[in-house]
Structure formats: C-alpha cells, structure tokens
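Trainee: I would like to learn how to read salt bridges and chain contacts in a model. Please show me the general idea each time, then the case.

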Amino acid sequence: MAAQAHIARPDPHTASDKEWGEYLFMRKNPKGVHFERWFHANGCRKWFHMARHTVSHEILAIYGITEPAPKLDGGEGTS
Amino acid sequence: MTQAFRNADGGLIDRGTRINFTYDGQRYQGNAGDTLASALLANGVRLVGRSFKYHRPRGIVGSGAEEPNALIQLGEGALTEPNTRATQIELFEGLVANSQNAWPGVGFDIGGINNIVSKVIPAGFYYKTFMWPAKSWMLYEKFIRGAAGLGKAPTEPDPDIYEKRRVHCDVLVVGAGPAGLAAARAAGASGARIILADEQSGFGGSLLSSKATVDGKSGAQWAADVTQELAGQEEVRLLPRTTVTGYYDHNFLVAVERITDHLPFADRKGPRQRVWKIRAKQVILATGAIERPLVFAENDRPGVMLADAAKTYVNRFGARPGSRAVVFTNNDSAYRAAIDAADGGIHVVAIVDLRAKPEGTFVRQARDRGIEVIANSAITAVKGAKQVSEVDVMTLSDDGTSVSGGRRSLDCDLVMMSGGWNPTVHLASQSGAKTVWDDTLATFLPGEPKQAQRNVGGVAGQFGLAACLESGASAGAGAALDAGFDAQAGKTPAIEAGEGDGELNLRPIWTVPSDRKGAKRFHDFQNDVTAADIALAHRENYASVEHFKRYTTTGMGTDQGKTSNVNGLAILAELRNEPVPSVGHTTFRPFYTAVTVGALAGNDTGPQLLDPVRKTAMHTWHEAHGAHFEDVGAWKRPYCYLREGESVKQAVDRETLATRTSVAILDASTLGKIDIQGPDAAEFLDRIYTNMFSSLKVGSCRYGFMCKDDGMVFDDGVTARIGENRFLMSTTTGGAPNVLNWLEEWLQTEWTDLEVYCTSVTTQWAAIAIAGPNSRRLLSELTNVDLSNDAFPFMTWQDGDVAGIPSRIFRISFSGETGFEVQCPASYAMALWRALMTAGEKFNIMPYGTEAMHVLRAEKGFVIVGQDTDGTTTPHDLGMSWIVSKKKDDFLGKRGLARPDTLREDRKQLVGLITDDPNEVIPEGAHISPEPHAPPPVPMEGWVSSSYYSPNCGRSIALALIQRGHERMGESVAIPLEDKVVRAKIVSSVFFDEEGERLRG
Amino acid sequence: MVETYLRQSPLAHRALDAQVSDNTADAALVLTERRFLAKVNIRGKVDGDAVKAAIGVALPSEANTVMEGNNLCALWLGPSEWLIVGPPNAEKNIEEALNEVLAGASVGIVDVTEGRTTISVSGPMARDVIAMGCPLDLHPRVFSPGQCAQSFISRSPILLHQVDDSPSFDIHIERSQSDYLWTWLETGGAPYGVAVAGEPETTNWRRPARRKATS
C-alpha cells in the first residue's frame, strides 16, 4: 500500500474548494525519487515513510511517519 | 533400429544402459545420458518438424534452450506437454514423443502447400488479409491456428503435483559452466549460503562438450569434482535441471526445477517440478552464450546446424549429426568444432569462411589436419529436400554484399554454421541493466549491473576457458565478500590442451549474398521469418524495432528468438543504415524459457487451496444442513439452505417468509468487529463517522456511516459503547480489513495526538442474528436476561448467559423484524447455534442465508455499502441526510460533502423501483435510460443496484441510483435489456412496514 | 462456569485426536493443533516493569523476539504492540491482571484467544514446508528459537514463533483460516510424510505473588 507522502490535510474550515480538491485528488507521479507512505500490512501494522526511486525501484530511505523527508540526490525533500 | 550414427566410444553417455523410446510412433533405442535430440541423431533421424508458416521440413539446429525447430509434444493423455525442446528432454525408459506442426506427419505434410504458395504469404500476411471484416477473424483464426498446429494442451486435469518454495541466499550463481563453477567454488569456501543452478542435468556447461583439460583432468571430470566438493559444503545448495527464468527487483529471481521429468513414469514420486522464489544478496550470472546462425540461402534445410551444437553431439553424446560436413563460418570458433567433428568420425569436406584471410590457431590446426579452408567465400545454396545433400559455394565480393565467379558444389549431409556468439543477456537485461553493443564480438553484452550482480564467462563476452575460470573465481570471492564473508578467489586451475584464447576474429556478414534470386534466407526458423521479410517490414515503414518485431513476428515463438534476435536487428540496422545499437532491441522479459502453469500454481489449486477460505465456527453445521455457499470476500457464507427437492429460489422465498412469520437465525459471524479503546476513543469515532458517537451511552449502540474525506460512503455498521473509553465497532464483511487499516492510517498519520488502540476481534466473537416476530420468545427460553421492550429497548446491548454460554446480546435488526444479535466466544458458537435450533423447533425455526437477508433488508430499503453505493455515492444521495451530523466541527467527509460536485442537483440518488409487471425481476446492474431506443451510445441516467423477488410484498422490488431520483417519485422509467425494454415506476425505497412498527415491537 | 464440553476448537471437525500417530519420529512434518491457548493483545504506552510484576513475563523491546516467563510467552508484534500467549483458560486472569496494573494508562488490552488458534509445525521438513508459502528467511543463521514474526503463508496472515531448534514452530492463525492453513500444510508436506502429534502438556498459569514495591 503506497501513496504520495507529506500531503497535509488542509484546515477544512478555511480551505477553498480548489485546495480541498487538490488535497483529495492531485498526486505526483515522478520519474525518479518519490516520497511515499507505506503500511506494513503483513507485519507490525505501522505506517512509515519511504523514499523510493520509481525507475530503479531502489529504496533510498525509510523514516518515521511523523518525520520530514530527508534531502536526497535527485529529489527534493518536503515536509 | 540401430544407432547407426553412434560412435563406439567417447562422450558422457552410458553405452551399457540402453533406453527404449518412441518417436512419432516408431520405437528407438538410446543410451543413458542422451537427450531426445542426441538419441534421434544417433538413430539417423534428421527431419524433426515442419515450420510454422511454410511447413518447410526442419531439422535439429541447436543443442539446448535455443532450439527453434525440434519442438516436441511430449507424453500422452493428461501428462502430455506441448512445445518442449528435444534438445532439453532427457531420455528415459518409455518416453513417448511426437513431432508437432505437421499433419499427418513430418514426412508428408499437407500444409507444405504453403511453401509452394509462399510468395503470397509474406510477413504481415495474416494481419493484412484477415482483419476485415473484423467479425470474421474468429472464423479465419480457427483454420489458421489449426493449420499452424503448435502443440496441443492436454484436455484432462493435470495429475502431477507441483511445489513452490521461497529461499534466501548470500550468493546465487546462475549457470554451472566453467565460470559458474569457479564462482560457486570461490564463494562456497567462505561459508556463505550459495545456490548454484543450471538448466542441464549435469554441471559443467561447455566443459561437458569440450576436449579441454583442466588441472590435468578432462573438463567433465573437473566439473564433476568441483560439484562434489560443493555438494559437501553445508551451506551450498546445488540445483541441477533448474532454469532461472526471471530476474526481478531487489535481487528476487524465479527458477524452475524439473525434479522428476527425467525419470521413467514408474519412478516418479513427489512433486514433478518446483518453483524456487529466490532472494539473493548477490547474484552471479554465468549464463554463457548461444551461437548465432548465419543467414544464407536455404539455411533451414534439415542438416544445417549450429557448429557448436554439432560439436556437442559428437563430443558429449558420441552421436554424429551427419557423415560429411561442410563448415560455414565468419569466425574462429567453428574451426574448433570442425576439428572435433573430424575427430569424432565426421568427414569434414571443407570449411567455407566468409573472411578473406582466416588465420587463428585453430585455422592453422584445421589446415594442418588437411581440412580444406575455402576463404572469402559463401554458401549460396543448400540442396536437398528432407536433408542436406549438397551446397554451392561462390566467392564473396570485397564488401561482402555479392558473390561472383564459378559455382562449386560440395557433397555433404551436414552444414555446421557459426555466425558468432550471443551472450545470454536475458537475465541481466531483466534485472534492469542496459545492454551495450560490442563491435568486436558484434553482439550485445549485459552492460553495467543495476543490482547487486556480476556477469562472468560467456555472458560477459569471455570465450576463453582461462578467462572464464578466472573471472568466475574472482566474482565468486567478490560476491561473498560483499555479502559479508571472508572469501578469496584462490588459484586459477591450469588449462592444458588448447581451448585457445577465446578470440573469434569475427567478420559480421548479416545477410549472406546468393546468386539465386528469391532463395529464402531465414533468420528466425521457428517463425519462418526471412531477410526478405525484414526488408518488406522496413519498406512498409515498420522500421522501429517494436513494430518490426510484431510485423514480422520475429522472436515471438516459444524460443523467444534466442537464435534470431541479433541477426534480425542487425539486418534491420543495415536497411536503416544505422549501427545496431541505435536500432536497439525489444525488451527481454521473463520467462527465459516457457514455464508450466502447474509449476507456477504449485499447491495453490483446487477448491481447497486455490484461495484462502475463511469459515465460521458453524461452518460444518451449515454444510450438513444443505447450505448452498456463496463467497463473500474469502468467507464461505450460506446463501440459502436447500431442502430436498427445492430450488434455490424456493429456498430463498421460504427463508424470507419464515423470518417475517415466525423466527429464523442467520450466521452473522463474518461481519467485521473492531475493539476500539483509549481515552480518546469517543472523539476518534466522532471524526471517523458522519454521525455523533460521543453522545452514545454505555449500553447503547448506533448505526453509523463512514465516508472517505471526499464525502463518499465507504463503510457502515453498528457500533456499541462497551465502556466510557471502549467501543465495539462492526463493519461490513468485505470491508473489515480496509476499515481497520483506515482507522490505523488516521491514528498513525494524521491524528497522532489521539490515544486510541484498535484491535480486530472479528473472529473472537461469533454472531447469530435472531429475527422474526417470535425472536423474543425464542431467546427468552435460553436466557434470564429480561428481553422486554422496556428492559431491553431497540439499539441497546446487555451481557448475559444464553444457553449457559457467556454472551453479549444486541437488540439490533437488519431485517426490519424484531430481532436480536447474540455474540459469544467463537468456540462456543456451534453449541449456541444448536441450542437455538433446538429451542426453536416449536416455532418452526429455520436458518436463513445471505440471500434471504438481502431480500429482507431490501424490503425495508436498508442499503448495502458496496452494492447500493459505488464509491461515488454520498449519504445524501442515499436519502440518509439524517446520518450526517450538522453539529460536529469536523469529520471525515464533512468538507468533501460541501464541494460543488457533491452538491449538484443532478446526482444519482437512491430510490425504489417497482416494475409494471410484478413478476419481472430486473437484473442487477441494468442501466436506466431516458431514451431506451436511441442509437448507441444510448444515454443513461442511472442503474439498478439491488433487485429481488419479494415474497413478503408478493412482487419484485428494486433499488436504483437515478439522476434526481428523489424528486421524481411516481415517474415511469425505462430499463433497456438485451431483448426488451422493462418499464418501472420510481417509488420510496421502503417497500415493507414503512412505519417500522415490527422493528421496534 | 460454562460447560467445557460445549467448546470446539476451530479444527475440532477434523477429529485430530483420532489421527494422532504413535510414531512421529519418522515423519518429515509433524502437525498439532494447540487448542485454546490464552492470547491477550497489548498495545500502547505500557510500563514493562508493571507488566512483568503483574503476570510474570517481561515484554520484549527488541523487534521480532519473544520473552518467556511464568509459563507465558510475550511476543513482539510491533513497536508498542505485544501478544501474551499462555496456557488454556488463563486469558481472563491475564486480562484482569493487566487491566489492574495498567488501569488509567493509555493502553488497549484485548482478549483475542477465541479469534485465533495455534498450529504447531515441527519435523525435519518444517522449515521447507513453511517456506513453500512464507517469504521469511527461516535459516538458523537468521531465525532461531525465541524469535517471532508476522508474515503470511500462501495468502493467509500468520504469526510465526520458533519454539525450539528441532525445529519446531508455533503458527498463530486467525481461526477462520486455520482449516485452510491445515490443509495447506498437510498438502505441502504430503510428498515427504506428515504425522499428527498429540498436544503437549501445559502448566496452569498462576498470577505471581504480589510483592511490596521497593523503592
């Protein structure tokens, strides 16, 4: 189970329709380093972050679900 | 028949052990150690098949996985297997093999007429001719496939068993030729966990067919000694007869081991084949190289064979593929083969060399032996129908594009060809490495590894034995080191009798010229693709490599172009006037060779094991009482209980009526149950559900909707408050795992401040729904709990013993009847179920299944999430705005429900439908159209989500999602079906007991 | 007290008692259902010392390891999640003891005894048969007695615990899938020889004597 990471849920009281729509539906699909959220379904049931190269499928970093993205070559860290 | 072409000595076969086999109905003898191909050659069989398109006679070309022609239908009946290669079938007593692609037989083949009319069947012929009218393709296809006649799949179930196994290792070595053996030996000595896999029965690879000596022993003996040394090491796993067929991410590889295929049937026990799923820290590819044919006129005649294959048959099997050989080459390696052939009793008539001045070590040796070398020349024609009888040789022009001078005819029955070598880069390429073109070898090399992987030996373009042994040992040690073991390459074995330096001195002539116009020059034997076909594809602008492949079908056969790909690409490159690497090649995909489907399935077949099956605690009772099961997720749930002589519909009607008349019970154990605890549990549920849960009293329960944050209904269920900080949530059967994951997701990723703990208790508690006017009377016979309406109101729960079993009783109902749900520890559920059935006898109790449950709830207009919703349905669309809290500050879906799209007035809304004909049951999923007779695309305004015959209403009922449905009550709508248009009226979605008196009664 | 004869384990319909073999030594794979083992799940911010004092076993902090004590096993399931496994009928007492000592703490304590059963797998082919469907590396260098892991066999989620190096494993499996898993294990082991063994003896669990807190 993987999805783009570091998408903050906007304040539902102040978010415009456009902002809410982007939060719900707009996802990146980069060629290269991608920061993702994963869920260890067949194990410890923890959500965690993974930086993964979408071409080589190389796993570049694993970090906690509340941690910001690390700076990596080929991709920009976001928090 | 006698083995007329078997040498009296030499090779690795056991002449003392005779093996009887049958080929195309005729009985033959071979020897232990033979392949079917070598045994056929030893018996003088040359013609082994007809080609795919033109039905031309074909003979054995190769000696291994590359074989394009000798396709065999192996075995009979349920055990038959099509498209196997004679070159890879080990001979066993009683083997029965048949040639393919010829009817009535290879000798006389009716389809051979295609060869005579071949001028009108060029590349792309089928595409061009049979694609219009599109409908007729089905008709044409039947004849085309019939005539093409690749092997036949068995019609009976596969009686064999197969196995899958996961395995982990430090170093996987693929290929046990000299390089692979050296690698495994160096790595194995370190104590690392090694797997060494090779597709052949014995380890040694090219050493098994070579005359070289290593460390003073024959190559085969050295290989056997190293194998024995490896077998003695605890952490080394040797996998002979194992083809590594796929190389995936993170050094995950798949191999297929053929465990019993080489044994006589009587000796076969246990799994026939085993799929190994290998996770390797380090991978060493020692996959070798495959010799490349030359593309020359009529090069497909039986008797035209790869030079190395001929050498293998002579050296390893003592079988002569012919008596008089002409060798045709563009490089040095065929000279070695020629010398070995001559040593093996084949008269080598001449070596025809495309090069102007061949002069390597082996060239000199051949000349010294008196073998005539005809340099700067080409074979321009091959004569003979079912076997080569003669070749024509002419002088090559300087640029290699034409021939001239006198035509010299050479009498022969064997042509040994070599166009160079193609490293077996398949696995390396699958692993993600980009191949690189090597000009000297005129072929693709594996390129820079993308994973923890090394290439050694032939696959790396090393054709000298010394280089193979050295690079193997060094890679083996390096890989073990990288895997964390102390390893050394050790001393490289000494090589004595010359294998030369491995240099090819190759002159690529991709299309060998001929003076004979129209003579077919095949580059892909299996798919019958000629150099002219490539030119045609190019002329018609199918010049991109992907288009070219599909247009000509090059490389698309069961051999996946192992002998044809590079030749085809190079010819295309010449036509495009570009270097080969800029033409590129199509992707190498798993599997390297075809894999039996049974092996991939392993044990996971049949009704028991195809998929995990989930059973409730009462399952065996259901089985014993006529349950007709349906699959709900992985669960087996009784759809209805069939009585003697009853149809499914009769059973469902009976159960539906009984529930509303007296009492019936349902096994509701499969509904998801989640224990939710923690100081913030109530707050958490307020955010998860659209309605309020913090206001729920301990002892009560409430029906709730969950939405995704876009406002769309995602799951529903009744949640009970067990304690101040503890809830028991129920979910749909199919949604249970998703809901638990959903809860975890929000707790772990967004609301990390909430202290809430969720645990699945779906199967901790079994659940029995008791429904019907007599449900209270029944239950009160088994419990002391006061079940009266005042003491136990609707939507509350109480703990209490039922039939002596500590249980939790819920006053809830999904049928619209007075009802209870009793949950008890699962291991007591069978006892409770039986107690209810016994106590209920006086009420004529019966069990009801999921279909009666569906009918009952539809009569009441209760929705099923996932059936009456499709991920684009809001609570408002369902007419359930009452369940969406207006008080709560936020909940998942609140903001989504305020988006313009979710507020649109023309959204599809849930309504009831009653058909004009009360007996007409509309199929679920049927569309509703404002203009049912309009030409396609017919406009649609909604669809039928639930539809049943309701015995309680005495007519059919349906639920549907229709645009603006809520404001269209009483309107007539049309439902176009395949053969008619059904008309129905929009009504309220509640069909029965609209006031809900029975529910609360 | 509820009549125990009413209680049926998830594999009761297989009548395994009648299949118990006298000689399991020759079998490549030996299977046993360990019925009704007590299982209590703990999640949250747990005071490990308090747990140890209350039930007599410490909670492992190292991933995928098992602590043993007082006839109980504590299996690591995840960061801040454990499963206490004990002898039959101990679950209520364990739950009670934990609730007592962790009262007011931010924890979730759930009895999951009924939701799972345990299939014991041993014999020389035990690792190989499990590896037919399980992606874990069970090589002794990697996985040894005292280790546990959540994973899957074929497509069923499991909790695997290596009990000893004979080798013997306890597979805790969700009850509804236990029949499937039993068939699956039996089928995988069939070519090599499968035997059913009787259940091992278990010792009743007793709550440790309460000691006065020393500071």
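Trainee: Is A:Asp17 buried, partly exposed or exposed?

Mentor: Buried means under 20% relative accessible area, exposed over 50%, and partly exposed in between, with a 1.4 Å probe and protein chains only. A:Asp17 is partly exposed, its relative accessible area being 34%. B:Arg895, by contrast, is buried at 11%. Note that this is a predicted model, where local features need pLDDT of at least 70 and side-chain atom pairs count only at pLDDT 80 or more, while totals for chains, interfaces and linings use all residues. Residues are numbered from 1 along each chain as its sequence is written, chains are lettered from A and ligands numbered from 1 in the order in which they are written, and side-chain values use heavy atoms, with hydrogens and water left out.

Trainee: What do the side chains of B:Arg895 and A:Asp17 form?

Mentor: A salt bridge, that is, a side-chain nitrogen of Lys or Arg within 4 Å of a carboxyl oxygen of Asp or Glu. Here the N to O distance is 2.7 Å. The pair crosses between chains: B:Arg895 sits in the loop between α24 (850-859) and β44 (908-915) of chain B, and A:Asp17 in helix α1 (residues 17-25) of chain A. Helices (H or I, at least four residues) and strands (E, at least two) are DSSP runs, numbered from the N terminus.

Trainee: How many salt bridges does the rule give over all chains?

Mentor: The count is 77. One of them links B:Asp653 and B:Lys649, with the closest N and O atoms 2.7 Å apart. Both residues lie in helix α19 (residues 648-661) of chain B, four residues apart, about one turn of the helix. B:Asp653 is buried at 16%, whereas B:Lys649 is partly exposed at 47%.

Trainee: Which parts of chain C does the salt bridge of C:Arg14 and C:Asp179 tie together?

Mentor: Their side chains meet at 2.7 Å, N to O. C:Arg14 lies in the segment before β1 (29-34) of chain C and C:Asp179 in helix α4 (residues 178-189) of chain C, so the bridge ties together parts 165 residues apart in sequence. Both residues are buried. Elsewhere, salt bridges that share partners join B:Glu163, B:Arg165, B:Glu257, B:Arg274 and C:Asp128 into one network.

Trainee: What area is buried between chain B and chain C?

Mentor: The size of an interface is often given as the accessible area lost when the parts come together. Buried area is that loss (1.4 Å probe), summed over both parts. Between chain B and chain C the value is about 4100 Å², with carbon and sulfur atoms giving 50%. B:Arg166, B:Tyr757 and B:Ser827 supply 16% of the area that chain B buries against chain C, more than any other three residues.

Trainee: How many residues does the contact take from each chain?

Mentor: Contact means heavy atoms within 4.5 Å. By that rule, 51 residues come from chain B and 49 residues from chain C.

Trainee: How many salt bridges cross the interface of chain B and chain C?

Mentor: The rule finds eight. In the one between B:Asp611 and C:Arg155, the closest N and O atoms are 3.0 Å apart. Among the elements of chain B that each supply at least two residues of the side touching chain C are α17 (606-609), α21 (736-750) and β8 (162-174). The largest share of that side, six residues, comes from β8(B).

Technical notes
Buried area = accessible area lost by both parts, 1.4 Å probe.
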